[in-house]
Amino acid sequence: MNSTALTIRKISRGLRSLHELLFSKNSASKNTIDSIDDTDLMGAICVQKRWGAVFSVCAVLLMGTRPADAEEVPKHIYEWVQSTARQGYFFNKEQIQYASDAHGHIDLTKLVVPTLRIYDNIQIQDVVSKRRWRMLPLDGYGDLSGAAEYLLIDLRAGVVHVTAHEDLDSRWGTLSREENTKEFTLSSLSDKDVEKKFFDAIIAYAAAHQDELIQRSHGILSESDRAKIEAQKKKLAKEHDKTTGKASKKAKKEKKKKRKAEKHRCRAVPGAGAGHCL
């Protein structure tokens with residue numbers, strides 16, 4: 001079994017323990033999370049405290065409902081995009097949504113999405129080495145298993161903002177947290193860049209599941225945006241019908257051409273009557 005699979009198993013065991021703690025009747029952390037207003041979940045920017053006191057709302061967003069007996073990242077919550085030699089890339093398809101503006105309207109130009117990366121041993125060593133070189137705390141990093149990153153994707157500007165990065169241990173606890181850590185301009189990335197492929201996959205998923213994202217988003221869809229969406233749907237339907245019609249006409253033409261070619265290959269056989277082919 002490779003190191004990535006082992007890491008997934010470690011995180012799965014930790015998630016089971018975390019799920020029991022979060023949702024047990026006597027859990028203080030459950031009461032804390034339940035008391036948070038829904039609007040606090042919207043921006044994917046939240047305050048993190050070490051688990052055991054108050055769990056991060058972002059951690060809940062990332063985790064979702066975890067099956068107690070799962071031994072791998074659950075496919076119904078996380079969409080796997082790719083795996084490199086160092087890490088596996090996932091995003092939470094149950095929590096991906098549109099951002100909302102200051103007036104409470106859904107902003108179709110901005111995506112908010114929690115993502116997950118699972119490290120292999122080499123990546124773990126690399127992260128630890130860099131923290132040691134930067135003289136950052138290493139408490140708990142012997143159990144480093146991956147990272148959660150919360151993205152704000154500005155579709156209009158073509159920019160991806162990493163609003164928060166959290167290193168995770170095998171029990172899904174946050175070892176450290178940094179905010180506004182990175183920014184990517186999509187046009188500056190090569191199509192072969194693993195980050196570009198990851199972001200493109202998220203954007204493509206969002207476009208294909210727009211209605212789901214709108215329903216999940218915390219805000220109101222403006223009438224103008226609703227009209228634009230309906231117009232776009234009609235346009236796509238019309239293009240689909242046009243393409244289907246062209247394909248049908250082409251198929252009929254090819255069939256007629258084939259029938260004509262068959263007729264030319266046929267000739268009457270002497271003494272056998274008309275309609276026979278050699």
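**View 1. A positive surface patch in the predicted model.** Lys-255, Lys-256, Arg-259 and Lys-260 form the patch. Lys-255 sits in helix H7, which covers residues 223–265. Its relative accessibility is 56%. Exposed residues are those over 50% relative accessible area, so Lys-255 counts as exposed.

**View 2. The hairpin of strands E3 and E4.** E3 takes in residues 97–100, and E4 takes in residues 106–119. The two strands run antiparallel. Four bridges join E3 to E4.

**View 3. Ala-164 in strand E6.** Strand E6 spans residues 159–169 and includes Ala-164. The relative accessible area of Ala-164 is 0%. Buried residues fall under 20%, so Ala-164 counts as buried. Ala-148 is 16 residues away from Ala-164 along the chain. Between the C-alpha atoms of Ala-164 and Ala-148 the separation is 8.1 Å.

**View 4. The whole protein, for orientation.** Seven helices and seven strands make up the secondary structure. Read from the N terminus, the order of elements is α-α-α-β-β-β-β-α-β-β-β-α-α-α. The protein has 278 residues, and 38% of them count as buried.

Terms used. Residues are numbered from 1 along each chain as its sequence is written. This is a predicted model: local features need pLDDT of at least 70, side-chain atom pairs count only at pLDDT 80 or more; totals for chains, interfaces and linings use all residues. Side-chain values use heavy atoms; hydrogens and water are left out. Patches are made of residues with over 30% relative accessible area and no salt bridge: like charges are joined within 9 Å, nonpolar side chains (Val, Leu, Ile, Met, Phe, Trp, Tyr) within 5 Å. Accessible areas come from the Shrake-Rupley method with a 1.4 Å probe; for residues, only the protein chains shown count as cover. A salt bridge is a side-chain nitrogen of Lys or Arg within 4 Å of a carboxyl oxygen of Asp or Glu. Lys and Arg count as positive and Asp and Glu as negative; His and the chain ends are not counted. The place of a charge is taken as NZ of Lys, CZ of Arg, CG of Asp or CD of Glu. Buried means under 20% relative accessible area, exposed over 50%, partly exposed in between (1.4 Å probe, protein chains only). Two strands pair if DSSP finds at least two bridges between them.
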